[in-house]
Amino acid sequence: IPHFSVTVEIIMQACQQLIAKSKEGPVSFGYTALLLKACAATLINFPLFLPDATHQVDSLGINLAVALPDGLMMPLIRNCQSLRVVEIEQEVARLTTKCRTGHLTADELASGAFALSNLGMLGVDQFQALILPGQKAILAVGAVRQRPVVQQDLIVAAPLVSVTLSADHRSIDGAYAASFLAALRLLLESPATIQL
């Protein structure tokens, strides 16, 4: 697939606070579920990333890369736009278990137009992920780390994550991809509108 990549850094302080608050309740969530929900909420406004010319958003699904000892599987998290973050967390756990036990169905391995690969939990800071046939783009997510940033002319420590979008250049150009990442960054840095 003829592709290109664009990268941005996102301050994850507000997301960290949401994750910490979720751990006080009966069901908690982590970065992956929050990122899947934020991607779905952003994709609705960027129809070129959607699977077909009709740009249907009522059943928006995102593939999630799951590492296995002998390879990789990418189950489809369906209806991300309508699920709450805690429901996405539960679906990720369910499908990850099925990947590791070899019980995924063909329907659960269907290809969505967008995918997410998170290697942050393995200590990776930044990487480029490959686009699989049938997909238009994949978001590669690194580790959230405390790094120096400038805020109000002062250097302070803040939790930053580097995300790299690889996109199919046959249907998406650089400016469109950059606009998507800018909207995703805005949502993750001010996530009050995300349906938890």
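In which loop is Gln152 found? Gln152 is located in the loop that runs between strand S8 (145-151) and strand S9 (154-168), where helices (H or I, at least four residues) and strands (E, at least two) are DSSP runs numbered from the N terminus. The model is predicted, so that local features need pLDDT of at least 70 and side-chain atom pairs count only at pLDDT 80 or more, whereas totals for chains, interfaces and linings use all residues. Residues are numbered from 1 along each chain as its sequence is written, and side-chain values use heavy atoms, with hydrogens and water left out.

Helix H2 (residues 31-43) packs against helix H3 (residues 85-101) at an angle of about 120°, and their axes are 8 Å apart. Axes are lines fitted to C-alpha atoms, for helices over the stretch in contact, and angles run from 0 to 180 degrees between N-to-C directions. H2 and H3 are therefore oblique to each other; angles under 35 degrees count as roughly parallel, over 145 as roughly antiparallel, 65 to 115 as roughly perpendicular and the rest as oblique. The crossing of H2 and H3 is right-handed, that is, the near helix is turned clockwise from the far one by less than a right angle. On the H2 side the contact (heavy atoms within 4.5 Å) is made by Ala33, Leu34, Leu36 and Lys37, and on the H3 side by Val85, Ile88, Glu89 and Val92. This contact of H2 with H3 comprises 6 nonpolar, no polar and 2 charged residues, where Ala, Val, Leu, Ile, Met, Phe, Trp, Tyr, Cys and Pro count as nonpolar, Asp, Glu, Lys and Arg as charged, and the others, Gly among them, as polar.

The axes of H2 and H4 come within 9 Å and cross at roughly 130°, which makes H2 oblique to H4. The crossing of H2 and H4 is likewise right-handed. Leu35, Ala38, Cys39, Ala41, Thr42 and Leu43 of H2 meet Phe180, Ala183, Leu184, Leu187 and Leu188 of H4.

In helix H1 (residues 13-22), the buried residues are Cys15, Leu18, Ile19 and Ser22; buried means under 20% relative accessible area, exposed over 50% and partly exposed in between (1.4 Å probe, protein chains only). Viewed down the axis of H1, the buried residues fall within an arc of 95°, so they line one face of the helix; the arc is that of the directions from the helix axis to the C-beta atoms. These buried residues of H1 pack against H2 and helix H4 (174-189). Exposed Gln17 and Lys21 are carried on the face of H1 turned away from its buried side.

Several loop residues were also examined. Leu50, in the loop between H2 and strand S2 (62-64), counts as buried at 1% relative accessibility. The C-alpha atoms of Leu50 and Gly61, 11 residues apart along the chain, are separated by 9.3 Å. Gln128, in the loop between strand S6 (114-118) and strand S7 (137-141), is exposed, with a relative accessible area of 56%. Residues up to four places away in sequence aside, Gln128 touches Ser5, Ala140, Thr164 and Ser166.

Most residues other than glycine have a negative phi. Gln152, however, has a positive phi of about 55° and counts as exposed at 78% relative accessibility. Phi of Asn79 is near 55°; Asn79 lies in the loop between strand S5 (76-77) and H3 and counts as partly exposed at 30% relative accessibility.
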